[in-house]
Amino acid sequence: MAGAAIHGRLSWLVAEVAGLVEETPRARSLILNCPGWTGHRPGQHIDVRLTAADGYQAQRSYSIAAPADGERVTITVERVENGEVSSYLIDEARVGDRFELRGPIGGYFVWEPGRGQPLFLVAGGSGIVPLMAMIRARLLTESGEPVRCVVSARSLEDVIYREELQRAAARRDGIAVTTTLTRSQPEGWPGPSRRVDREMLSELGWPPSERPLIFVCGPTGFVESVASALVGLGHEPERVRTERFGPTGG
Amino acid sequence: MDGERHLDGNSLGGTLWDLFGREMTDEEGGCGECGAVGLLGQLVVYRDAPGEVARCSSCGAVSIVVVPTPDGLRVTFESIRWVSVGAGNG
Amino acid sequence: MSFVTRGFGGRRGVEAPPDRVPPGQYATSDFPVLSAGPTPRVGLEEWRLTITDTRGTDVSWSWDELQALDHESSKVDIHCVTKWTKLDTSWQGVSLDTLLADVDLTGARDVLAHSYGGYSTNLPLPDLTGGKAWIAHSYEGEPLAPEHGGPARLLVPHLYFWKSAKWVNRLVLLESDRPGFWESYGYHNYGDPWREQRYTGD
C-alpha cells in the first residue's frame with residue numbers, strides 16, 4: 001500500500017528536479033524524481049535539506065502537492081521574505097539539480113479517497129498545497145465524495161492552481177470551490193472579498209449534522225481563527241484537522 | 001495573540017520520527033501538568049528559538065524540547081506524561 | 001557529510017571586523033525574533049521588577065520608579081547562540097549596579113532571572129555587576145517592542161543573548177547556582193561566546 005512505511009528509519013534521499021512550473025508570481029512547483037521513494041498519502045509533507053559547501057545546512061518542511069505517483073514527488077513552494085530555502089528553490093533551483101529530502105511525514109492531516117464522507121477544505125494562501133493533493137486524489141480516483149473548498153488569497157494572481165481548481169469545479173462532479181480575494185479584486189469580481197469568517201464557513205460548508213471531515217491549512221493566525229469558528233458552529237473538534245504553516249520557515 | 005509565531009506538531013513530525021522510529025503526529029499524549037489528552041500533531045510548537053519547544057495546546061506547559069547540538073539532538077520530555085505508540089492509524 | 005546542494009550559498013551575512021565576531025558567528029543587519037512561547041503582553045501599570053535576596057526579602061520597582069532611577073545609554077554587540085551577531089546595538093536602561101545598590105547581597109553568588117511568561121536563565125552575580133548588565137527598556141531610541149522583550153529585558157551582552165532574559169520581572173539571588181530554561185535543556189551553563197560555550201559540556 002502506498003506510503004505504508006510507518007515503521008523504520010526516515011532516511012534522507014537524494015531527489016532530482018525533473019520539472020518546474022511557475023504557478024504564480026510568488027509560487028513555483030518543483031516536480032522531483034526521488035529514487036527510493038515508497039509513496040505517500042494526500043496531506044503529508046517532506047523535509048527538504050540544503051547543504052552549502054562549507055557544511056552549513058538549512059532544513060524546511062513542504063507539503064506534497066499531488067498524490068503518490070511512483071518515485072515522483074511534487075512540492076509547491078511560496079516565496080517567504082528573507083527565506084533562505086524558499087528563495088533557493090524558487091530563484092536558483094534548475095532542472096537537473098539535486099538536494100536531499102525525507103518523508104513522507106504526517107499522520108492525521110491525511111485524507112484518502114474511499115471513505116465516503118463529505119470533505120470540507122479551507123485554505124489560506126499556500127495552505128492550498130496539501131489540500132490540492134487531496135483534491136487531485138479525489139479527481140484521479142473518481143471516488144465521488146462531495147468536496148467543498150474555500151480558498152483565501154490576497155489577489156487573483158496569487159491563487160495557486162487557479163485554473164485547475166476552476167476546471168475541477170466545472171466538472172459538475174460534486175466538487176465546489178469558492179475563492180475569496182482579501183486585498184484586491186478584478187473589476188466585476190462576483191465572489192467574496194473578505195477574510196474567511198464564521199458566516200462564510202456556515203454558508204459554504206456543511207452543517208455539523210453531515211459530519212464532514214474538515215482540513216484547514218495556512219498561516220497560523222488564519223488556521224486558528226477558522227478552526228475556532230468551525231468549532232463555534234458546532235463541528236466536532238476531532239473532525240477539524242489543522243496544519244499551521246506559520247510565518248517562519250522558507 | 002502571540003504574533004502567530006507558532007506552528008503545530010506536524011512540524012515536529014520528522015524529529016518525532018527520528019526519536020520513535022515511526023510516524024508520531026497521530027499518536028496521543030497526556031500532559032503531566034493539566035492532564036489534557038491530545039494528538040502530538042496538535043502540540044503548539046515554537047521553532048524560532050535556540051531549540052524547538054512544543055507546548056501543551058490546553059495549558060501551555062512545556063511538553064517537549066529539542067535542542068540540536070553538533071553531537072545530535074538533545075531531547076527533553078518535560079511535562080508530557082505519556083505517549084501512545086502504535087495506536088495511530090492516520 | 002551530507003550531499004552538497006549546487007548553488008546554495010547558505011547565510012548571507014554582512015561585512016564585519018573579524019575581532020568583533022566570535023567564533024562560529026556571522027554578522028547580520030537583521031534583528032531576528034526568537035521565542036520559546038507566546039509573547040507576554042504586560043501593561044506598564046502592572047509591570048514590576050523584583051530582586052529577592054538570599055534571605056527571601058524582596059525589593060521592587062514599579063515602572064515609574066524604574067524610570068526615576070539613573071539611566072544609561074549603551075552601544076553593544078550582541079551574540080545569539082543560533083549564530084547571528086549584531087554589532088553596535090543601542091539600548092537605554094538602568095544599570096544592575098544601580099538596582100543592586102539597594103539590595104542586601106549577603107551570601108549571593110548566583111542569580112536566577114525570571115520573566116513574565118515563565119522563561120528563566122541563570123548567571124553568576126559578578127556577571128551582572130561592574131557595568132556589564134542593564135535592565136533595558138529602549139532599543140535604538142524607541143520603546144522596546146514586546147517581541148524583543150518589552151516593556152523591559154535583561155541585557156548582558158558579554159554572554160550569549162539567551163542570557164539577556166526578555167520580559168524580565170524578577171532576579172533571585174542564590175547561594176548556589178540553578179539552571180534556567182535553556183540551561184536545563186542542553187545549553188551551556190555560562191555561555192561565553194568568545195569561548196564558544198554553546199552547549200552543556202563545551
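Of the 250 residues of chain A, 47% count as buried, where buried is taken as 20 or more other C-beta atoms within 10 Å of a residue's own, with C-beta atoms placed from the backbone. The model is predicted: local features need pLDDT of at least 70 and side-chain atom pairs count only at pLDDT 80 or more, while totals for chains, interfaces and linings use all residues. Residues are numbered from 1 along each chain as its sequence is written, and chains are lettered from A and ligands numbered from 1 in the order in which they are written.

Let me turn to overall dimensions. The radius of gyration of chain A, over C-alpha atoms, is 18 Å, which agrees with the value near 18 Å for a compact globule of 250 residues; the rule is 2.2 Å times the number of residues to the power 0.38.

Next, the core. A nonpolar core is a set of buried Ala, Val, Leu, Ile, Met, Phe, Trp, Tyr and Cys residues joined through C-beta atoms within 7 Å. The largest one has 133 residues, and those touching the most other members include A:Ile75, A:Phe215 and C:Ile135. Helix 2 of chain A, residues 128-141, gives the most to this core, with eight residues; helices are DSSP runs of H or I, at least four residues. Because domain 1 (13-105) and domain 2 (119-244) of chain A both contribute residues, the core lies between them; these bounds come from an automatic or database domain assignment.

Finally, the interface. In contact with 23 residues of chain A are 22 residues of chain B, contact meaning C-beta atoms, placed from the backbone, within 7 Å. On that side of chain B, helix 1 provides the largest share, four residues.

Notes
Buried ≥ 20, exposed ≤ 12 C-beta atoms within 10 Å, placed from the backbone. Helix = DSSP H or I, 4+ residues; strand = E, 2+ residues; numbered from the N terminus. Contact = placed C-beta atoms within 7 Å.
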